[in-house]
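Hello,

Could you take a look at this model when you have a moment? My notes follow below.

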Amino acid sequence: MTQSVVVQVGQCGNQVGCRFWDLALREHAAVNKKGIYDEALSSFFRNIDTRSGGDGPDIYKGKICSLKARALLIDMEEGVVNEILQGPLRDVFDSKQLITDVSGSGNNWAVGHKLYGYQYRENIVEKLRKTAEHCDCLQCFFIIHSMGGGTGSGLGTFVLNLLEDEFPEVYRFVTSVYPSGEDDVITSPYNSVLAMKELNEHADCVLPIENESLFDIVNKINQMMNSGKLGSTVKQNSLVTSSAGNAKTLQEKPFDAMNNIVANLLLNLTSSARFEGSLNMDLNEISMNLVPFPRLHYLVSSLTPLYTLADINVPSRRLDQMFSDAFSRDHQLIQADPKHSLYLACALLVRGNVQVSDLRRNIERLKPSLHFVSWNQEGWKTGLCSVPPVGHSHSLLALANNTCVKPTFIELKDRFMKLYKKKAHLHHYLQIDGMEQSCFSEAVSSLSDLIEEYNELDATKGGPRTDPSRLKIAV
Amino acid sequence: MSIVTVQLGQCGNQVGHEVFSCLCRDLRGSHGLCSRRENQSYQDACRERFFSEEESGGLVARAVLVDMEPKVISQTLSMAARSGFWKYNEHSHFCQKQGSGNNWANGYSVHGPRHKEAIMNLVQKEAERCDRLGGFFTTMSMAGGTGSGLGAFVTQCLRDAFPTSFILNHVIWPYGTGEVIVQNYNSVLTLSHLYQSSDALLVHENDVIHKICAQLMNIKQISFRDVNQVIAHQLGSVFQPTHPAGGGSDYSRNPLGDLLEALVPHPEFKVLALRNIPQMPEDSLAYNTFSWPGLLKHLRQMLIANAKMEEGIDWQVRPPPPRSSISSHSTAKALHFNTSIANLLILRGKDVHSVDLGSFQDPSLYTSWLNPQDAFHARKTPRAFNKYEKSASLVSNSQFLLKPLDSVVGKAWNMFASKAYIHQYTKFGIEEEDFLDSFTTLEQVISSYTTL
């Protein structure tokens with residue numbers, strides 16, 4: 001069994017990360033009734049004996065003593081991390097896993113990447129090494145951050161670079177929250193595009209998330225709950241937006257519901273690696289199957305169902321509905337419509353009581369309405385994990401490598417160019433040691449190249465298919 | 001003689017487990033429909049072939065379990081032990097932590113050499129536990145990374161370490177609409193490599209077995225377990241003891257050798273298919289009786305029309321008339337007539353000795369370069385198998401795989417032309433030339449089988 005380490009950077013990264021750990025504990029508590037520290041838990045948690053002050057050796061078998069998250073919390077402001085350390089999760093984190101500063105990055109990628117990066121490099125490397133040493137077989141780093149700010153965006157991508165240098169064999173999965181058009185941070189386009197270049201070059205897989213989509217999903221659920229029709233029969237803990245604690249005692253912060261969705265994404269992504277199933281889908285398989293060309297590693301994700309009704313009997317029609325929903329525009333975690341764009345590859349990770357025949361039936365049913373690239377007409381990767389998420393009898397995570405990410409990138413570029421043409425706010429960046437104008441031009445060039453690659457693929461959509469001629473054998 | 005089974009990857013281990021379960025169930029079953037002495041003899045032969053015995057009488061499967069991640073092996077070991085009747089040897093397994101990531105190159109070029117010694121040690125130990133080694137049987141899928149890549153490597157190692165032993169690879173052909181996106185690459189690489197080191201490839205197609213589950217076994221929500229149980233039944237019907245061709249009361253001692261000698265006359269033609277009839281849910285068994293002529297008629301048509309189950313057979317397909325002119329031969333071809341090189345028919349159960357097998361000896365079923373006496377073989381065993389009063393299995397070396405093979409090679413070639421995913425393979429040492437070599441090998445196989 002392998003381990004993964006979560007590196008949460010910046011305000012957004014840490015808030016989402018916090019939700020992740022909360023829900024991960026809940027998921028394992030639901031499955032692990034006997035309180036034994038098992039392989040599944042070890043993928044994200046260490047088990048230590050607190051009596052030896054946290055420096056003692058890890059306990060690999062037997063009862064759970066004290067669980068510590070395999071995580072690194074980085075923020076250049078103290079507020080968020082302090083809040084986490086005073087909250088219900090304080091015992092899950094080791095004080096040695098934190099890197100904080102006081103003044104923040106001022107929404108400036110250059111401050112995060114060049115200034116703090118340089119300053120904290122050794123500290124970060126040392127802490128990463130420590131975390132890796134506690135792992136028997138480290139398979140993946142999960143970075144959680146936002147693109148629009150300074151710390152998450154700048155320092156986050158600095159850490160990404162670091163990970164590639166120090167741990168080249170370990171996968172780097174990045175969950176990036178992209179800014180919306182109405183983002184109140186004026187320089188978010190600069191920060192995002194500068195960060196994109198790093199993601200293009202150093203990440204194995206990127207799961208882009210847009211706040212608007214999360215917001216829409218939260219609204220949808222709230223409307224459904226308040227409409228009175230189905231509200232009373234929904235299982236509270238099954239909401240993809242719900243936190244672990246009891247709803248009455250929990251004081252939910254405004255972004256919690258949205259962040260819970262992202263946390264659930266990560267849990268589902270890693271479920272088949274942690275739990276058994278009839279067709280396992282590990283993280284290295286996700287990277288292998290969904291990344292046909294090194295730079296095209298942006299995966300659009302969707303989670304279904306968003307909630308479960310309390311009645312347990314699930315007719316197969318509802319199961320099929322789950323599959324249909326996974327491809328609908330309102331379930332995607334970015335503003336995109338994969339159904340009307342071109343699929344390069346698609347992965348379906350099913351959890352719970354679903355068998356291969358259900359999977360096949362739905363693939364056959366949905367295939368005709370989807371457009372796949374000519375060289376991957378039947379490009380499906382499937383996984384069946386027996387353990388469902390909390391509150392559900394089954395669930396589905398769909399990951400698509402699809403050209404529908406293109407509009408997001410094009411908009412980003414447009415917003416960037418609007419500012420860049422007028423050289424607005426550039427001086428804030430250029431005054432940082434190590435930042436030059438070329439950083440900007442290279443970054444936007446990298447983004448343009450990426451967009452162009454997607455354009456070329458889109459151009460092949462719907463065109464006549466001429467298969468290349470086969471090798472001829474002399475008879 | 002004993003057979004050592006090597007289970008590779010998730011699929012290989014899941015299938016392997018069902019096979020041993022099936023063999024054990026049949027072994028213990030009281031529905032032998034034959035004399036006690038006959039039954040005893042059958043059970044002894046089966047035990048020697050597949051199991052070693054503990055002092056307490058418990059059966060231990062002669063198997064080595066290999067996987068690059070631990071979950072499946074630990075599940076397989078515990079499921080077997082829970083049965084109470086048989087289990088695996090606690091030490092006969094090898095696993096790692098990370099898996100192969102569906103990457104053939106990772107399985108073949110990285111895991112293979114790295115773990116060769118450890119794996120071959122386990123195989124050697126199992127082989128030494130046999131009084132007489134009858135050969136190796138491997139179970140694997142082609143679509144993933146471990147079964148396919150590491151499986152191909154291990155097969156090569158087996159060939160190097162045991163140059164005179166028989167090696168039969170059981171290969172699972174993935175569903176046409178993907179389980180794995182790079183399955184066509186993995187399949188092409190696996191098949192081309194196995195062709196060099198294996199004696200024969202016994203192929204089961206997921207799509208086909210799925211249909212059997214849906215239409216014959218009436219299973220509503222088909223799981224991989226269901227699929228694997230059908231496969232296990234089919235394999236069991238072939239590998240359980242049979243009387244040798246000349247008759248006689250003893251069971252044949254060289255199962256793999258017999259099979260390969262009968263079916264693989266030429267090393268260019270190594271791909272074998274399995275057809276078994278009848279197949280039905282266990283609770284229907286009591287309500288159905290069959291006659292041998294009826295069963296054989298269906299089985300023969302299944303062979304020539306390339307059907308894999310007794311429903312939906314195309315009865316229009318006929319073999320070409322003897323000494324046919326070019327035009328009628330091509331008509332037969334146009335109706336998708338499945339030409340055979342060799343066939344092995346295994347009959348088990350009641351009234352086996354009275355069966356007339358003339359229809360299978362018809363020369364028009366076969367290519368011209370073997371006499372029907374050499375191309376067709378039959379084994380009759382009065383002891384019934386797995387509660388079926390009568391069961392007939394046909395193992396054939398024929399053109400059956402042409403269409404699926406051509407389809408897989410075509411799709412892989414299409415993807416290769418766009419260079420998609422190639423960087424994932426070159427990362428681990430499989431270059432474009434290696435791909436081209438594999439394509440060439442398989443186009444050759446396709447060509448050979450087409451011109452039968």
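A term first: a residue is called buried under 20% relative accessible area, exposed over 50% and partly exposed in between, with a 1.4 Å probe and protein chains only. The model is predicted, and local features need pLDDT of at least 70, side-chain atom pairs count only at pLDDT 80 or more, while totals for chains, interfaces and linings use all residues. Residues are numbered from 1 along each chain as its sequence is written, chains are lettered from A and ligands numbered from 1 in the order in which they are written, and side-chain values use heavy atoms, with hydrogens and water left out.

**Two residues in a loop of chain B**

Asn386(B) sits in the loop between strand E12 (376-381) and E13 of chain B. Helices (H or I, at least four residues) and strands (E, at least two) are DSSP runs, numbered from the N terminus. Is Asn386(B) buried or exposed? With a relative accessible area of 14%, Asn386(B) is buried. Lys387(B), in the loop between E12 and E13 as well, counts as partly exposed because its relative accessibility is 40%. Both have a positive phi: near 50° for Asn386(B) and near 75° for Lys387(B). Most residues other than glycine have a negative phi, and most peptide bonds are trans.

**Two cis peptide bonds**

In chain A, the bond from Thr304(A) to Pro305(A) is cis, with omega near -10°. Pro305(A) belongs to the loop between strand E9 (300-304) and helix H10 (316-326). In chain B, Ile277(B) and Pro278(B) are joined by a cis peptide bond with omega about 0°. The loop that holds Pro278(B) runs between strand E10 (271-277) and helix H10 (292-304) of chain B.

**Two buried serines**

Strand E13 (residues 390-398) of chain B includes Ser398(B), which counts as buried because its relative accessibility is 1%. Which side chain does the side chain of Ser398(B) meet in a polar contact? The partner is Asn338(B), at 3.1 Å. A polar contact here is a pair of N or O atoms within 3.5 Å; within protein, one must be able to donate a hydrogen and the other to accept it, and residues adjacent in sequence count only if both atoms are side-chain atoms. Not counting residues up to four places away in sequence, Ser398(B) also touches (heavy atoms within 4.5 Å) others, including Val271(B), Ile341(B) and Tyr449(B). Phe269(B) is 129 residues from Ser398(B) in sequence, with 8.5 Å between their C-alpha atoms.

In chain A, Ser153(A) is part of helix H5 (residues 151-166). Ser153(A) is buried, at a relative accessible area of 0%. A polar atom of its side chain lies 2.9 Å from the backbone oxygen of Met147(A). Leaving aside neighbours within four places in sequence, the contacts of Ser153(A) include Trp109(A), His145(A), Asn191(A) and Ala195(A).

**Chain B as a whole**

Chain B has 15 helices and 13 strands, and 64% of its 452 residues count as buried. Along the principal axes, the C-alpha atoms fill a box of roughly 65 × 60 × 45 Å. Among contacts between residues at least 6 apart in sequence, 81% join residues at least 24 apart.

Best wishes
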